Amino acid sequence: MVIRDLLDLENCHESEKKNLFFFPSAQERFLAVIFDVLFFAPIFSILFFRFIKKLNITQVIAPQSDLMTWYFLTTLFLFLISFIFYQAISLYLKGTTLGKSFFKIKVVGDKNTELTWNQAFLRSAVWSLESLFLGISFLEVIAHDSRKTIHDKLAETQVITLKKPKIFTPILSLEKAFVRMIYICTFFIFSFMTTQYFVSKIQKSEKNILATMKEQNPCENEIKNMSTESLLVEWLFNSQRSQCLEKKVSLDFQLKNPEPMTLIAAYVMKSYEDDKRAEYKDLICKTDKEACEWADQYENFLKTKQLAHLEVPKAHTYFFNFWLAKVSTELKNYKFSNEILKKIELNDAHLNYFLELKLKNSVGLGDQQAVDSTLEVLSKILTEDEYAQVQKWAPISSAELRAPASESK
Amino acid sequence: MIFPFLKGFPSFDKAPFTWMLVIVCLVVFLASADTKVNGAALRKISKSENLQLTGSMYKQYLQNKEKLSLFKNYMQIHTQASDQTFGKLALRDYEFLTQVSAYDFTADPVMLKSWKKDIADFMSFMKERPITIFGISAFSSNWKTLITYQFMHGGLLHLLSNMVILLLFGFMIEGLIGGVFFAALFLFSGFVGALFFVGMSGLSGAPMIGASGAISGLIAFYTASESRKNIRYLYFFSPIKTFYGFVYLPTWLIIPVCFAADIASYLATPVEIGGVAYAAHIGGGLFGLLAGAIYKFSWNETILKT
């Protein structure tokens with residue numbers, strides 16, 4: 001006969017009291033589990049220290065990576081497997097674990113019998129699975145009169161206390177129903193989400209993840225396929241792409257004798273730091289006379305913000321002309337920039353960039369003639385949608401310029 | 001969270017030597033703040049772009065070293081975060097820092113020159129810091145630091161956590177063996193902990209400070225001398241009523257909860273990345289265990305004789 005509270009005790013015959021056992025509180029059962037984990041975790045860590053060392057290193061160096069997730073999940077899996085055996089062996093041999101023994105808790109069979117190995121192992125295995133899903137099953141302890149969780153029901157076991165009985169307050173049926181509902185809903189939702197996540201992550205092996213991390217290096221394609229000059233032009237075009245240029249320059253500097261273009265790229269990128277710029281210029285002048293002359297003119301431009309007649313070096317003409325065209329457009333010297341742009345064959349993106357830059361400056365100045373002339377060129381090369389976007393901010397004086405001249409690309 | 005709470009915090013008159021140690025640690029903490037030392041060098045080297053550069057230089061250095069085996073799987077990761085992490089590791093590697101000026105790195109020569117100067121400034125800064133002068137590190141290999149390190153702490157949380165445990169255990173031990181022996185136990189535990197740290201982990205650029213080694217000795221002493229008693233543990237898992245409180249459990253439980261955890265952490269945490277000196281805890285703990293066993297044995301002998 002199972003006693004739930006002292007009220008029943010009073011109704012029992014003396015002879016029945018020999019077979020009585022009492023339940024520990026949910027709090028004591030929970031604390032017992034915590035103590036078991038606290039005792040077992042260091043032992044587990046000592047046994048598997050090589051693996052946990054990898055986990056710790058990855059946590060520092062690559063914390064958000066798939067490799068970290070793989071190590072974490074594998075550690076969790078190993079811990080659960082070892083904990084199953086720890087619990088099973090303790091329950092089989094003593095009917096209790098170390099944590100449970102402190103709170104005088106014991107696990108017995110339904111008919112107050114000693115546990116068999118099958119019961120101990122099944123109970124521990126199901127317990128570990130339930131713990132994987134946040135251990136919500138412990139809510140069952142207070143939800144059911146029998147105070148049995150799923151692992152107790154499946155293994156046909158009962159958790160009892162060896163202490164003197166205390167008076168338990170009977171739980172209302174409405175509270176039990178509410179707790180059961182929370183448990184069932186949360187258990188299924190969380191189980192579904194967690195299972196999906198675990199399966200997808202744990203399918204990758206350590207080797208595959210390391211190989212993937214190597215491939216995922218940013219800018220790998222740009223560094224392989226584009227020259228320093230092209231990357232520098234892209235940087236002038238859109239400075240937010242400086243990461244790839246910096247990476248390329250950094251790799252180029254690892255060669256004993258970097259190309260002059262590498263020095264020029266570093267010089268241009270660091271143009272806002274006077275001391276470093278001067279040192280780069282010294283290095284440029286040691287390697288390339290023409291580039292050194294260009295750098296002198298560049299220094300003059302930075303000081304005066306005026307373009308004197310600049311000689312473009314014979315090598316890397318695309319970059320130098322692009323830079324010249326950009327600077328002269330920004331200075332609103334469109335005649336000069338147009339002359340430069342005629343010398344080099346720009347791709348569509350770069351051409352559009354210059355035209356839109358010119359258009360924006362003209363709109364800002366209120367130079368309607370320049371606006372119209374630029375729009376005329378743009379209407380021939382942009383698509384309908386692109387031209388419509390431009391019309392939103394550029395004032396159009398002529399009705400002819402409202403429609404794009406070219407067909408959609 | 002579960003830890004031994006024993007009889008709680010004592011008043012000054014019940015544990016004067018314990019309180020004096022706490023006050024000394026507090027005064028030293030306040031006096032040794034970095035405010036007097038110019039931290040510009042530290043701030044500059046700790047900027048993300050400088051850490052990235054330091055990290056990439058450190059990877060070049062590691063390529064030629066045996067230490068590569070610890071980080072070999074991570075050397076191919078060339079992300080900003082990874083380079084910055086290697087930069088932080090580099091600033092702890094004294095051997096690397098001392099070789100920077102002479103090492104033949106291949107990098108942007110202008111950035112390299114500026115970076116080497118920053119590293120030299122950082123080294124000068126580290127040599128002037130109080131925690132480096134009085135803590136155990138490769139920057140100041142002086143035998144006196146084996147004692148002085150116990151009174152230095154790295155931050156308020158570090159200090160508070162150590163002082164709480166010092167008060168809880170110091171009170172009990174001072175009651176057992178008296179104030180003078182208690183102070184001697186504290187100092188010798190810390191000294192032995194320091195020796196273990198130097199022997200097992202070696203000296204690095206990051207100074208080892210804190211009273212944890214000495215406190216581990218106190219905890220171990222109490223565990224050994226009162227192993228059969230049940231003591232009060234405080235547990236706290238949530239603010240909900242039934243999930244915090246006190247429970248009485250055997251003293252010897254401290255061994256798996258504290259010392260086994262320290263051994264596991266020491267084995268599983270490489271010195272290069274570790275932030276806690278587990279070796280000092282282990283050394284101090286072993287000394288405390290030995291002292292506790294001797295105390296218990298000699299106490300029992302005295303009782304038997306009388």
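**Strands, surface and confidence**

Mentor: Let's begin with chain B. Its strand 1 and strand 2 run antiparallel, joined by three bridges. Keep in mind that this is a predicted model.

Trainee: Which residue stands opposite B:Tyr233 there?
Mentor: B:Pro4 does, with B:Tyr233 sitting in strand 2 of chain B.

Trainee: And how many bridges link strand 2 of chain B with strand 3?
Mentor: Seven, again in the antiparallel sense. Strand 3 of chain B covers residues 244-250. One facing pair is B:Asn230 and B:Pro250, the latter in strand 3 of chain B.

Trainee: Is strand 2 of chain B enclosed or open?
Mentor: Largely enclosed by the rest of the structure, because five of its seven residues are buried. That strand spans residues 230-236.

Trainee: Buried or exposed?
Mentor: B:Leu6 counts as buried, because its relative accessibility is 5%.

Trainee: What about phi of A:Glu156?
Mentor: That one is near 55 degrees, also a positive value in a residue other than glycine. A:Glu156 is in the loop that lies between helix 8 and strand 2 of chain A.

Trainee: So on to strand 2 of chain A. How many of its residues are buried?
Mentor: Five of its five, over residues 157-161. A:Thr157, A:Val159 and A:Thr161 point one way. A:Gln158 and A:Ile160 point the other way.

Trainee: Which sense does it pair in with strand 1 of chain A?
Mentor: Antiparallel, over five bridges. A:Val107 stands opposite A:Val159 of strand 2.

Trainee: What else is in chain A, by count?
Mentor: Chain A has 21 helices and two strands. Of its 409 residues, 45% count as buried. Take the contacts in chain A with a separation of 6 or more: 62% of them come from residues 24 or more positions apart.

Trainee: And its accessible surface? What share belongs to carbon and sulfur?
Mentor: The surface of chain A comes to about 22700 Å², and carbon and sulfur atoms hold 57% of that.

Trainee: Which residues make the nonpolar patch?
Mentor: A:Phe77, A:Ile81, A:Phe85, A:Ile89, A:Tyr92, A:Leu93 and A:Trp117, for about 680 Å². Helix 4 of chain A, residues 66-94, gives the most, with six residues.

Trainee: Where does A:Phe77 lie, and how open is it?
Mentor: A:Phe77 lies in helix 4 of chain A. Its relative accessible area is 49%, so A:Phe77 is classed as partly exposed; the cut-off for exposed is over 50%.

Trainee: Last topic, confidence. Where is it lowest in chain A?
Mentor: In helix 1, residues 6-11, at a mean of 50. Strand 1 of chain A, residues 105-109, is highest at 90. The chain A mean pLDDT is 77, and 77% of its residues reach 70 or more.

Trainee: And what about residues 1-7 of chain A?
Mentor: There pLDDT stays under 50. For that stretch the model has 22 contacts beyond four places in sequence.

Notes. Residues are numbered from 1 along each chain as its sequence is written. Chains are lettered from A and ligands numbered from 1 in the order in which they are written. This is a predicted model: local features need pLDDT of at least 70, side-chain atom pairs count only at pLDDT 80 or more; totals for chains, interfaces and linings use all residues. Side-chain values use heavy atoms; hydrogens and water are left out. Patches are made of residues with over 30% relative accessible area and no salt bridge: like charges are joined within 9 Å, nonpolar side chains (Val, Leu, Ile, Met, Phe, Trp, Tyr) within 5 Å. Accessible areas come from the Shrake-Rupley method with a 1.4 Å probe; for residues, only the protein chains shown count as cover. A salt bridge is a side-chain nitrogen of Lys or Arg within 4 Å of a carboxyl oxygen of Asp or Glu. Helices (H or I, at least four residues) and strands (E, at least two) are DSSP runs, numbered from the N terminus. Buried means under 20% relative accessible area, exposed over 50%, partly exposed in between (1.4 Å probe, protein chains only). pLDDT is the predictor's confidence in each residue, from 0 to 100. Contact means heavy atoms within 4.5 Å. Two strands pair if DSSP finds at least two bridges between them.
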